[in-house]
Amino acid sequence: MVSPIENAEDLAAQTNIAYGTLDSGTTMTFFRDSMIETYKKMWAYMQKKKPSVFVTSYDEGIERVLQGNFAFLMESTMLDYAVQRNCNLTQINGLLDSKGYGIATPMGSPWKDQISLSILDLQEKGEIQMLYNKWWKPPNDMCVPEESGTGTKTNTLDFKNICGVFAVLLVGLIISIMVSIFEFYHYRKKIKQIEQRIGPQRSTWRDLVDELWFVLKCQGSRQRTVLMHRCEQCHPKNRMIERRSRRDFIEASRL
C-alpha cells in the first residue's frame, strides 16, 4: 500500500485527511506547547477542525482511523502495540518526539540505585526484550511488515536534494580565485621592487599569463620562474637574465 503521507510535513500541508489526538493527553500537550512551525500549524488545524478531531480514548481514535481519511497521533508505545495487532494499521515515518519512561522514588531513597541497577541488569540479559516480544507482538506474528521495495514509495534524487553540494563548491571556487589573485598581486608587488633595480619591467598582464600557463602545464619545476626579460644595463652582452624562483627574489628583497 502506497501512503500519500510520508511525514508530519506532508500531513500538515494537506486537508483531505483529518488528524487528531487524545484529548488532554501528553501528545496533545506536545502539540500545544511546541515552538516548531509545522507542529504549531498542526495544532491550529486541530483546534479549528469541526467536528472535533480530539478523541476520548485510544480505541475511539483507532476506530476513526479504520473508518478512513483520519490519522491518529498517539504515543509510540501504544501505537506500536496497536499496529502489531491490527494489520489494517500502519505507522508513518519515525517519532515526532522522544521521551522515556521512568520510575519515581522519593528524594534520597535507597531504592533508587537498586532499581536502576536491576533495570540495567534486565536490559543486559535481554529479559526486557523478551517481555516486549511476549506482550507487544502477537503469538503468530500475523502482521508481517511488507518486504522492502514492495508497495513503498521511492524518493527520487533530484536537483533540490544536491543543490547544496554545488553551492558549497561554487563558494569554494570563488574564495580560491580571490585568494589566488591576492597572492599573485602580493608577490608581484615585492618582485616589482627588485625589477626596478635590475632593468626594464614586465607588464602585470604578462606575468599573469605566465602564471596561468605554469599552472596549466602541470609539469616541470615546482618553483614558478619570474623575470625572464633582457636587461641591457645590467648585462652589456644582452644576455638573458638567469631564471630565478619567486623564493629567490623574496630572499633578495630582504637583503
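**Exercise 1. In which loop does Q14 lie, and is Q14 buried or exposed?**

Keep in mind that this is a predicted model. Now take Q14 step by step.

- Step 1: find the place. Q14 sits in the loop that runs between α1 (8–12) and β1 (18–21).
- Step 2: check the accessibility. Q14 comes out at 16% relative accessibility. The cut-off for buried is under 20%, so Q14 counts as buried.
- Step 3: follow the side chain. The Q14 side chain reaches the backbone nitrogen of I17 at 2.7 Å, and the backbone nitrogen of N16 at 3.0 Å. Polar contacts go up to a limit of 3.5 Å.
- Step 4: look further along the chain. Once neighbours within four places in sequence are set aside, Q14 is in contact with I5 and Y19.

**Exercise 2. Work out what span is expected for helix α6, and say what follows α6.**

- Step 1: get the length. Helix α6 covers residues 111–125, which makes 15 residues.
- Step 2: get the expected span. The rule is 1.5 Å times one less than the number of residues, and for α6 that gives 21 Å.
- Step 3: compare with the model. From first C-alpha to last, α6 reaches 21 Å, close to the expected value.
- Step 4: step off the end. After α6 comes G126, with a positive phi near 80°.

**Exercise 3. Describe the largest pocket: its volume, and what lines it.**

- Step 1: volume. The largest pocket holds about 1500 Å³.
- Step 2: lining. There are 49 lining residues, and F72, L73, M74, L79 and Q91 are the ones nearest the centre of the pocket.
- Step 3: sort by class. The lining splits into 28 nonpolar, 16 polar and 5 charged residues.
- Step 4: trace the elements. At least two lining residues come from each of α1, α2 (26–33), α3 (37–48), α4 (58–67), β2 (70–73) and α5 (76–85). The top contributor is α5, with 6 residues.

**Exercise 4. How many helices and strands does the protein have, and what pattern do they follow?**

- Step 1: count. The secondary structure amounts to 10 helices and 4 strands.
- Step 2: read along the sequence. You get α-β-α-α-α-β-α-α-α-α-α-β-β-α.
- Step 3: look at burial. Of the 255 residues in the protein, 23% are buried.
- Step 4: look at sequence range. Take the contacts between residues at least 6 apart in sequence: 57% of them join residues at least 24 apart.

Conventions: Residues are numbered from 1 along each chain as its sequence is written. This is a predicted model: local features need pLDDT of at least 70, side-chain atom pairs count only at pLDDT 80 or more; totals for chains, interfaces and linings use all residues. Side-chain values use heavy atoms; hydrogens and water are left out. Buried means under 20% relative accessible area, exposed over 50%, partly exposed in between (1.4 Å probe, protein chains only). A polar contact is a pair of N or O atoms within 3.5 Å; within protein, one must be able to donate a hydrogen and the other to accept it, and residues adjacent in sequence count only if both atoms are side-chain atoms. Contact means heavy atoms within 4.5 Å. On a 1 Å grid over the protein atoms alone, a cavity is a set of points where a 1.4 Å probe fits but cannot get out, and a pocket is an open set with protein on both sides within 12 Å along at least five of seven lines; lining residues have an atom within 4 Å of a point. Grid points are joined across faces, edges and corners, and a volume is the space filled by probe spheres set on the points. Ala, Val, Leu, Ile, Met, Phe, Trp, Tyr, Cys and Pro count as nonpolar, Asp, Glu, Lys and Arg as charged, and the others, Gly among them, as polar.
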